[in-house]
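Here are a few notes to go with your first look at this one. Have the sequence and the view open as you read.

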Amino acid sequence: MNMPSRAGQAPPAAGPSDTATSLPGSRRLRIALTLPPWFDVPPRAYGGIEALMADLADALIALGHDVVIVGAGVNGTRARFLRTYETPPSARLGEALPEVLQAAWADRYLDDLEVDIVHDNSLAGPLTARGRAAPTVLTAHGPCEGEMVRYYRALCSDVHMVAISQAQQRLARDLNWAGTVHNAIRVADFPYRVRKNDYVLFLGRFNRTKGAHLAIDAARRAGRPILLAGKLQETEEREYFDAEVRPRLGPDAQFVGEVDMAAKQELYAGAHCLVFPIQWEEPFGLVMIEAMACGSPVVALRRGSVPEIVVQGVTGFVRDDPAELPAAIDQAGGLDPAACRRHVARHFDVSIMARGYERVYARIIGDRAGRSAPTPGPRDWASDLHAAL
């Protein structure tokens with residue numbers, strides 16, 4: 001099996017710069033980003049929310065705003081950092097008490113801050129939003145179904161919700177949605193390669209809804225080796241791995257464990273394609289844009305946000321049935337890596353995400369003040385992107 005190489009070609013233009021000044025009509029905002037307690041900011045390996053918000057903080061600062069982060073562990077951003085846990089309690093992921101303590105600490109910090117808006121990305125934090133002088137924006141990073149929807153509905157009078165995809169928003173149209181802002185990455189930080197190796201890549205949590213077992217089956221039927229990387233910590237993940245993934249491993253299906261960002265990027269850059277056979281209404285799926293940024297197409301099932309992210313026949317293939325995945329894996333080799341890179345640079349670079357949130361913040365602050373919100377630009381980027389896809 002060929003493993004990733006550091007050799008590559010110069011990538012296509014990386015798209016909008018994240019060092020650009022703020023758009024006309026906006027004003028300098030004081031923004032507090034509150035995070036979950038589980039990982040450093042950004043994380044060393046797994047930790048999607050922490051990685052995303054670290055990038056957002058730096059991009060907002062580049063736009064001229066003041067940003068403070070309430071988070072755990074090590075701060076690797078340009079923002080002011082108010083620490084909760086000295087060492088993130090990663091081994092306790094899924095327990096309730098660290099989330100509650102994080103919310104209590106954050107609330108105490110926010111009492112002493114003068115900010116224009118609080119952007120909460122934690123589970124329990126929004127419970128402290130009521131009565132706060134600054135409005136609270138809550139990004140729904142997880143599923144909008146079941147108990148989570150009931151929780152969000154209970155918060156609706158106190159927070160303004162932001163969806164990370166149109167698909168997510170459609171699941172619960174009655175929530176207090178302030179807008180949709182797709183997740184994003186620093187495209188320029190991802191290595192680009194035209195020449196690919198023969199392996200297929202699966203990268204993600206080992207949870208049944210992610211479909212790692214389907215990825216192995218599809219790659220095997222396509223006659224290609226597969227590498228599987230991702231988090232394997234929680235009891236549910238281990239049980240699923242032992243039942244469905246481990247029995248399928250072999251010379252052509254290798255588990256490489258949890259990888260840091262550098263190793264993850266090398267895996268993406270060398271992959272024939274990323275296989276994303278999700279079994280639920282995935283609200284976003286960051287791995288898709290990370291792979292495409294490296295010039296590697298995505299073969300995925302039509303669930304959740306997938307049709308918003310993958311351009312059919314250009315940056316990958318979207319299929320309705322797992323039985324259709326092997327043929328799509330074969331076809332992926334005929335797609336243009338440069339087209340994959342350009343698509344992500346134009347639509348999913350962190351500078352675009354920052355301007356999307358800037359618009360949401362400005363609108364909410366304007367509404368709170370009883371006046372029209374400052375308009376950072378003449379167009380609604382989210383509507384434009386949705387139309388383009």
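Which element gives the most to the lining of the largest cavity? Helix H2 does, with four residues. The points below start with some background and then come back to that spot.

1. First, keep in mind that you're looking at a predicted model. Its mean pLDDT is 90, and 88% of the residues reach 70 or more. Another is residues 372-389, where pLDDT stays under 50 and the model has 36 contacts beyond four places in sequence.

2. Now the cavity. The count comes to one cavity of 30 Å³ or more, and the volume of the largest cavity is about 50 Å³. Two elements each give two or more residues to its lining: helix H2 (97-111) and strand E4 (117-120).

3. Sorted by class, the lining of the largest cavity has five nonpolar, five polar and two charged residues.

4. Next, turn to a pair of helices, H8 (residues 286-293) and H11 (residues 337-347). Their axes come within 7 Å and cross at roughly 125°. That angle is why H8 counts as oblique to H11.

5. Who touches whom in that pair? On the H8 side you'll find Ile289, Met292 and Ala293, and they meet Cys340, Arg341, His343 and Val344 of H11. By class, the residues of this contact are five nonpolar, one polar and one charged.

6. One last thing to check is the backbone at Pro42. Most peptide bonds are trans. The bond from Val41 to Pro42, though, is cis, with omega near 0°. To find the spot, go to the loop between strand E1 (30-34) and helix H1 (48-62), where Pro42 is found.

How values were computed
Residues numbered from 1 in each chain as written. Predicted model: local features only at pLDDT ≥ 70, side-chain atom pairs only at ≥ 80, totals over all residues. Heavy atoms only, no water. 1 Å grid on protein atoms, 1.4 Å probe; cavity = no way out; pocket = protein on both sides within 12 Å on 5 of 7 lines; lining within 4 Å. Points joined across faces, edges and corners; volume = space filled by probe spheres on them. Nonpolar A, V, L, I, M, F, W, Y, C, P; charged D, E, K, R; others polar. pLDDT = per-residue confidence, 0-100. Contact = heavy atoms within 4.5 Å. Axes fitted to C-alpha atoms, helices over the stretch in contact; angles between N-to-C directions. Parallel < 35°, antiparallel > 145°, perpendicular 65-115°, else oblique.
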